[in-house]
Amino acid sequence: MIKAIFFDVVFTLIHPGPTFQGHGYADACARHGVTADAARFDAAVAAASSTLHAEGGPYDPEVFIEYTRRIIEGMGGAGPGADAAARDLYDQWSACHHFTLYEEVPDVLRALHADGFTIGLISNTQRSLKTFEEHFALDGLFHVAISSSDHGFMKPHPSIFEEGLRRAGVAAGEAVMVGDSVPHDIAGALRIGMRGILVARSGLSAGAPPDVPVIESLRELRSHL
């Protein structure tokens, strides 16, 4: 019986706005004297994805700055300003006003809370999760909120999931992790005995284990609990 539901944050509950799209990256580069081609953004993101390792090591801002720098380089950006632009974008990532809630999220979370589930957040971020709750008017819905920058290790390291279970007061078999990343969210949860539900809003679910439910909207979540 599921008692606790943990959610990833970015691309599960919220999505980035223009600042973290192609033109936003190009504008950030321009502020630092770097020319980057916004049309190359999607391909650059795909090429840089290997930078975000799936081992779940200690939280290190330089990992995310390097990831951002590689995107800039994939967009044709080069020179000393590329590093400054990458650090600028990393700093902006924690600002909630650059993000938007997926439309169904407030209703789904409030319904789960009303049903008595323990709801938690486990996020690979430097973002203040308290600020996240307040900014999106979700106060009081989360019993547990763990960011990797505060905890010290990133998903899928077992300790961040174990800390979530400890704070929620539940066993691994009584909890499910809901997220958009197979290596970080789903594999990490399964490794310690939790269940996993993959959010694939695009409908693409490559790499999902065969016994893991795949949903395109959180409105489908209740039927898998």
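User: Which residues lie nearest the centre of the largest pocket?
Analyst: Val10, Phe11, Leu52, Tyr67 and Trp93. The lining has 35 residues in total. Keep in mind that this is a predicted model.

User: Which elements give two or more residues to that lining?
Analyst: α2 (41-48), α3 (61-74), α4 and α9 (182-191). α3 gives the most, with five residues.

User: How much space lies in the largest pocket?
Analyst: About 1000 Å³.

User: And the lining of the largest pocket by class?
Analyst: It has 18 nonpolar, twelve polar and five charged residues.

User: Next, the second largest pocket. How much space lies there, and how many residues line it?
Analyst: About 370 Å³ of space, lined by 14 residues. Asp180, Val199, Ala200, Ser202 and Leu204 lie nearest its centre.

User: Which elements give two or more residues there?
Analyst: α9 and β7 (195-199). By class, the lining of the second largest pocket has nine nonpolar, three polar and two charged residues.

User: New topic: helices. At what angle do α1 and α4 cross?
Analyst: Roughly 125°. The axes of α1 (residues 22-31) and α4 (residues 80-93) come within 8 Å. Angles over 145 would count as roughly antiparallel and 65 to 115 as roughly perpendicular, so α1 is oblique to α4.

User: Is that crossing left-handed or right-handed?
Analyst: The crossing of α1 and α4 is right-handed.

User: Which residues meet there?
Analyst: From α1, Tyr25, Ala28, Cys29 and Arg31. From α4, Ala85, Asp88 and Leu89. By class, that contact has five nonpolar, no polar and two charged residues.

Key. Residues numbered from 1 in each chain as written. Predicted model: local features only at pLDDT ≥ 70, side-chain atom pairs only at ≥ 80, totals over all residues. Heavy atoms only, no water. Axes fitted to C-alpha atoms, helices over the stretch in contact; angles between N-to-C directions. Helix = DSSP H or I, 4+ residues; strand = E, 2+ residues; numbered from the N terminus. Parallel < 35°, antiparallel > 145°, perpendicular 65-115°, else oblique. Left-handed = near helix turned anticlockwise from the far one by under 90°. Contact = heavy atoms within 4.5 Å. Nonpolar A, V, L, I, M, F, W, Y, C, P; charged D, E, K, R; others polar. 1 Å grid on protein atoms, 1.4 Å probe; cavity = no way out; pocket = protein on both sides within 12 Å on 5 of 7 lines; lining within 4 Å. Points joined across faces, edges and corners; volume = space filled by probe spheres on them.
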